[in-house]
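Subject: Structure handover

Hello,

My notes on what was found in it follow.

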Amino acid sequence: MNKQLIEGQEKSFISSNPQQKKQKSRSMGEQVNSYPNKLPQTNLAPKSTILNTNTNKDKKVKITFLGGVGEIGKNMTAFEYGNEIIIVDCGMTFPDNDLPGIDVVIPDISYLIANKHKVKAIILTHGHEDHIGSLPFVLNEIKATIYGSRLTLALVENKMKEFSKVKYKAIAVKPKNLLKIGNFSIEFIKVNHSIAGALAVCINTPAGNIIHTGDFKIDFAPIDGSITDITRFGELGKKGVSLLMCESTNVCRKGYSMSESNVGKVLEEVAFKQHPTKRLIIATFASNIHRLQQILNLSQKYKRKVAFTGRSMINVSEVAMKVGELTYDKKNIIDVEKISKYADSELVIISTGSQGEPMSALTRMASDNFKNIKIGENDTIVLSASPIPGNEKNVYNVINRLYKKGAEVIYDELADVHVSGHACQEEIKAIHALTKPKFFVPIHGEYRHMKVHKELAMKLGMEERHIIIPDIGMQLELTPNNLKKTGFTKAGMRLVDGMTLGDTESNVLNDRKQLSEDGFCVVILTISGTTSELVSEPFVITRGVVYNYEADVIVRELKSNLSVFIKSYDFKEMELSLLKNEIRKFVSNFIYKRTKRRPITLAMVMMV
Ligand SMILES: [Zn+2]
Ligand SMILES: [Zn+2]
């Protein structure tokens, strides 16, 4: 895909914001005219199309928040100028417990569907599911070229395999590339994060520069040797940044995030050095390529073979190796089926399940449900991850079960075997200080995170009236001199059930909730068409309604009450559907009176 990129185009951010022009000419000395960048050839445009003759009043960029604000998950923001929309990120989230049977939740994109003809591009900051997860569904409804790093696009390709009918075009970009889409110029900036290939973007618009950080941290000892490009953030700050949109995940954590390379040192000490004779099983996020790289390096150093387990671990490690983000000697990788050929001291198993996910490899090992691996006293298991809020119970259940099997378990409360991929307060402050934005919008956080982030920006000297805390569906308008809220558009959740799209008000979900809480009851009546009397005893089935010891009594009572009800009821003239409904109501009320439960009740009537 890189073939489509050409070298040597001179950087040409030409701001039509007078204030920025002034700043630009003042800082020409620092201008990086030789700044290397590459452009997809098809998107090359003469400078004259960037300069436009509109007055400031007309230079309005509309920003629509479709997800990722007021929540952590399903990040998606649309930037619109005239007849052009570019989208940054296209994520999904996992459902809360009140959405039984729903697999994933994606953003409601009614606004984009209504403005389909305007959508030009989807820019992906990185390959985490909360940034790419809804692509298969979104691309089914709107057409747009996707841009992202090679690893991000490789992960997208892997995901799209299950949706082969959805066709799309993707172009790989690198840090420092400049992309021209209509009136927008987009520059990609290297950032560190818990996945390789993460990028921030600076979108040059007729209303000024907008920096969207994506997810980031500042790691001064990164595994790939390449630090978040703070120099570039500083240069852009000097040129003039109208709006900063900065992630807020760890804004409540003081200080700095620890370097990813620290995890490698800790893993070497607490696992490899201290347990030379044991079999090592390390569970982590499949997408944390730099973590995998460190485990692979240590395995090689300590002469251990590596087996990957868990579908996503196998997939992602292969994808990352293909694009060159993960390097290892293939000779050191073995199939999990072959581990019995090696001594415990010669093995490292890298597994999924660090979040205690019910079907994951580690959870199945903990419950003796994994074909090739039986956990015992000679196992040292490391959970190289922190439980994501909401997963704690599952994670601790797995840890307890592993301990009961005699294994040694090391997790984040016992040693620093994990670091977050998100910036803490001091790193966030650095981005504000470097970019010196005129306006600020906190993103990627629950309301509490964005509120703390707003206060932090004010402490750094920003005026309150220059900060807006966004909400899902909110629309903002950026002009060269102003940022204001203009209203709301339809936005929110769409539910994905298996491969189909549902909606939040669906009866299916209400039925599932009712079934899970109150069970169901089915009554079958056989009635004579000539005499309108019951031909045989009513047939009653209940599941999840009453406990065994009381079931017989209640069902018997229900049957005799039903017989009386049918006898007393004049239904000769009645439609069958109405009759069924009356019976259903009668049964439902009877059960409610006896049990205070409202199971899903079905009545079937057979006329003979
Ligand atoms: Zn992320
Ligand atoms: Zn994220």
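A salt bridge here is a side-chain nitrogen of Lys or Arg within 4 Å of a carboxyl oxygen of Asp or Glu. The side chains of Glu-455 and Lys-451 meet this definition, with N and O 2.9 Å apart.

Before the rest, a word on the source. This is a predicted model, in which local features need pLDDT of at least 70 and side-chain atom pairs count only at pLDDT 80 or more, while totals for chains, interfaces and linings use all residues. Residues are numbered from 1 along each chain as its sequence is written, chains are lettered from A and ligands numbered from 1 in the order in which they are written, and side-chain values use heavy atoms, with hydrogens and water left out.

Salt bridges

How many salt bridges does the structure hold? There are 23. Glu-455 and Lys-451, the pair above, both lie in helix α14 (residues 447-459) and are four residues apart, about one turn of the helix. Helices (H or I, at least four residues) and strands (E, at least two) are DSSP runs, numbered from the N terminus. The scale calls a residue buried under 20% relative accessible area, exposed over 50%, and partly exposed in between (1.4 Å probe, protein chains only).

Another pair is Glu-446 and Arg-448, whose closest N and O atoms are 2.9 Å apart. Glu-446 is partly exposed at 32%, and so is Arg-448 at 49%.

In helix α17 (residues 576-595), Lys-585 and Glu-582 are three residues apart, about one turn of the helix. Their salt bridge has its closest N and O atoms 3.6 Å apart. Lys-585 has a relative accessible area of 40% and Glu-582 one of 24%, which makes Glu-582 partly exposed. Elsewhere, salt bridges that share partners join Glu-187, Arg-232 and Glu-235 into one network.

Cavities

A cavity is found on a 1 Å grid over the protein atoms alone, as a set of points where a 1.4 Å probe fits but cannot get out; lining residues have an atom within 4 Å of a point. Grid points are joined across faces, edges and corners, and the volume is the space filled by probe spheres set on the points. The structure holds seven cavities of 30 Å³ or more.

The largest cavity has about 130 Å³ of space. At least three lining residues come from each of domain 1 (57-255 + 421-497) and domain 2 (260-410), with bounds from an automatic or database domain assignment.

The second largest cavity has about 90 Å³ of space. It is lined by 15 residues, and Asn-75, Thr-77, His-212, Ile-443 and His-444 are the closest to its centre. Its lining divides into four nonpolar, eight polar and three charged residues.

A buried threonine

Thr-205 lies in strand β12 (residues 199-205) and is buried, at 2% relative accessibility. The side chain of Thr-205 reaches the backbone oxygen of Gly-208 at 2.7 Å.

Regards

Terms used: 1 Å grid on protein atoms, 1.4 Å probe; cavity = no way out; pocket = protein on both sides within 12 Å on 5 of 7 lines; lining within 4 Å. Nonpolar A, V, L, I, M, F, W, Y, C, P; charged D, E, K, R; others polar. Polar contact = N/O pair within 3.5 Å; in protein donor to acceptor, adjacent residues only side chain to side chain.
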